[in-house]
Amino acid sequence: YIDGARRNGKIYMAPVSPWFFTHFSYKNWIDKSEALYPKRWEQIVNMKPELVEIITWNDYGESHYIGPIDGALPDGSEKWVYGFDHQAWLGMTAYYIQAYKSGSYPTVQKDQITFWYRTHSKNARRDDVVAPPDNADWAEDTIVVHALLTSPAQVTVQNGGQTTTFDGNAGRNTWQVNFGEGNVIVALIRNGQTLASKQGDKPITNGGSLYNFNAWVNSFEYGNGNNLSFRAIRA
């Protein structure tokens, strides 16, 4: 698309979106989304399109909002939107926007960990008036962790009675780990010392009545540096 636009004297606006899930009786599907957001931003930084549109700030009905949950929602979507805030994606968004605008990835000034996951397995059976979403088998039962690190460090994920450790490099890192029922705790470790950690605000459980393939997004930081401000980058 970008090559065709340029051959014809036009510009190309590249789309980037963090997630796709909708669960209406008349529109009920998912698209594969686990590590979609960092993957798309990596592609955009590499392609250097003239414009980028984040899709979208407030499309609650299809779960790809990144702004506050505010105002009128499509009728019925509150069932999978309320309680599933996505604003924790904004910090990593600011980092990639700066990379897109400048043409190179900025030096990380403060450790920032963002992690997200669905709150039940794709195989869980729910007492829902709406069937499981189309393409549910495409989903991966994984926790996605994105780490912006000032220097090499380890990031651990505790869930389902297991602890997984990832070795991170300075800069950006993305990992996935299979999930089970239970709480999710992510920690930042450097030189054998736990510097910061966060328990996900929602546990993973296969009980309940709703097929909810929306993402719960969490983040935390460590350090005294100045992280990029999403508001400043928007300007």
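Which backbone oxygen lies 3.2 Å from a polar atom of the side chain of R190? In this predicted model, that oxygen belongs to P152. The side chain of R190 also has a polar contact with the side chain of D111, this one at 3.0 Å. As for where R190 sits, it is part of strand β10.

Strand β10 itself belongs to an open sheet of four strands, which run in the order β8-β7-β10-β11 with antiparallel pairing. At the edges are β8 (162-168) and β11 (193-199), each of which pairs on one side only. Going from one strand to the next, the twist averages 20 degrees. In general, strands of a sheet are held in pairs by backbone hydrogen bonds, and the pairing can be parallel or antiparallel. Here, β7 (residues 153-159) and β10 (residues 185-190) go the antiparallel way, with five bridges between them. Zooming in on β10, L188 is the bridge partner of V155.

Then there's the surface. I11, M13 and L51 together make a nonpolar patch there, with an area of about 290 Å². One of these residues, L51, is found in strand β4, which covers residues 51-54. Is L51 buried, exposed or partly exposed? Its relative accessibility is 40%, which lies between the 20% and 50% cut-offs, so L51 counts as partly exposed.

Notes. Residues numbered from 1 in each chain as written. Predicted model: local features only at pLDDT ≥ 70, side-chain atom pairs only at ≥ 80, totals over all residues. Heavy atoms only, no water. Patch = residues over 30% accessible without salt bridge, like charges linked within 9 Å, V, L, I, M, F, W, Y side chains within 5 Å. Areas by Shrake-Rupley, 256 points an atom, 1.4 Å probe, with all protein chains shown as cover. Salt bridge = Lys/Arg side-chain N within 4 Å of Asp/Glu carboxyl O. Helix = DSSP H or I, 4+ residues; strand = E, 2+ residues; numbered from the N terminus. Buried < 20%, exposed > 50% of the residue type's maximum accessible area, 1.4 Å probe, protein only. Pairing = 2+ DSSP bridges. Axes fitted to C-alpha atoms, helices over the stretch in contact; angles between N-to-C directions. Polar contact = N/O pair within 3.5 Å; in protein donor to acceptor, adjacent residues only side chain to side chain.
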